[in-house]
Amino acid sequence: MSDGTSAPNPWRPISDPLALKHLGKLAEELGEASAAVARCIIQGVDEAEPVTGKVNREWLEDELADVFAAAKLVTQHFGLDQDRMIERRNRKVDQLIAWHQQSVEPTSPPTHAAHAPHVGCDP
Ligand SMILES: [Mg+2]
């Protein structure tokens with residue numbers, strides 16, 4: 001724990017307006033997707049928002065699409081390593097499928113399922 005006498009850290013926030021727009025929009029879309037996911041958990045995927053009548057499934061689709069779009073632009077803007085990201089995504093899919101499998105078949109060992117058709121966000 002700091003006693004308040006150490007030197008301040010050398011970090012400097014980014015100030016490039018375009019970089020801020022890219023990251024800010026991604027953060028915003030992640031928040032909107034989080035809200036849509038929470039609504040689906042609370043009400044169900046096929047229920048509708050009572051005032052607007054918008055079905056939660058459509059809201060979730062919209063916000064995930066917005067996240068994919070913003071993530072694609074962040075990837076391009078900052079020159080992130082797309083091959084590395086795709087490899088990690090694929091490993092994560094395998095890991096999550098195995099984890100989900102444990103929930104439906106608690107006594108069977110995890111299996112490595114084939115990758116599902118791509119519907120996600122390629123960077
Ligand atoms: Mg959105």
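Here is a short walk through the structure shown above, helix by helix and then residue by residue.

What you see is a predicted model, in which local features need pLDDT of at least 70 and side-chain atom pairs count only at pLDDT 80 or more, while totals for chains, interfaces and linings use all residues. Residues are numbered from 1 along each chain as its sequence is written.

Let us begin with helix H1, which covers residues 17-43. Helices here are DSSP runs of H or I with at least four residues, numbered from the N terminus. The expected span of a helix is 1.5 Å times one less than its number of residues. For the 27 residues of H1 that gives 39 Å, and because the end C-alpha atoms are 39 Å apart, the two values agree. After H1 comes glycine 44, with a positive phi near 110°.

Now look at how H1 meets its partner, helix H2 (56-78). The buried residues of H1 pack against H2. The two helices pack at an angle of about 155°, with their axes 8 Å apart; axes are lines fitted to C-alpha atoms, for helices over the stretch in contact, and angles run from 0 to 180 degrees between N-to-C directions. H1 is therefore roughly antiparallel to H2, a label for angles over 145 degrees.

Which residues of H1 are buried? They are Leu26, Ala33 and Ala36. A residue counts as buried if 20 or more other C-beta atoms lie within 10 Å of its own, as exposed if 12 or fewer do, and as partly exposed in between, with C-beta atoms placed from the backbone. These three belong to the largest nonpolar core, whose 7 residues also include Trp59, Val67, Ala70 and Ala71. Such a core is a set of buried Ala, Val, Leu, Ile, Met, Phe, Trp, Tyr and Cys residues joined through C-beta atoms within 7 Å. H2 gives the most to this core, with 4 residues.

Alanine 36 is in contact with Trp59, Leu60 and Glu63, leaving aside neighbours within four places in sequence; contact means that the C-beta atoms, placed from the backbone, lie within 7 Å. Alanine 35, also found in H1, counts as partly exposed because it has 13 C-beta neighbours inside 10 Å.

Finally, valine 45 sits in the loop between H1 and H2. With 15 C-beta neighbours inside 10 Å, valine 45 is partly exposed. Valine 45 and arginine 57 are 12 residues apart in sequence, yet 5.1 Å apart in space, C-alpha to C-alpha. Not counting residues up to four places away in sequence, valine 45 touches Cys40, Asn56, Arg57 and Leu60.

Notes. Contact = placed C-beta atoms within 7 Å. Parallel < 35°, antiparallel > 145°, perpendicular 65-115°, else oblique.
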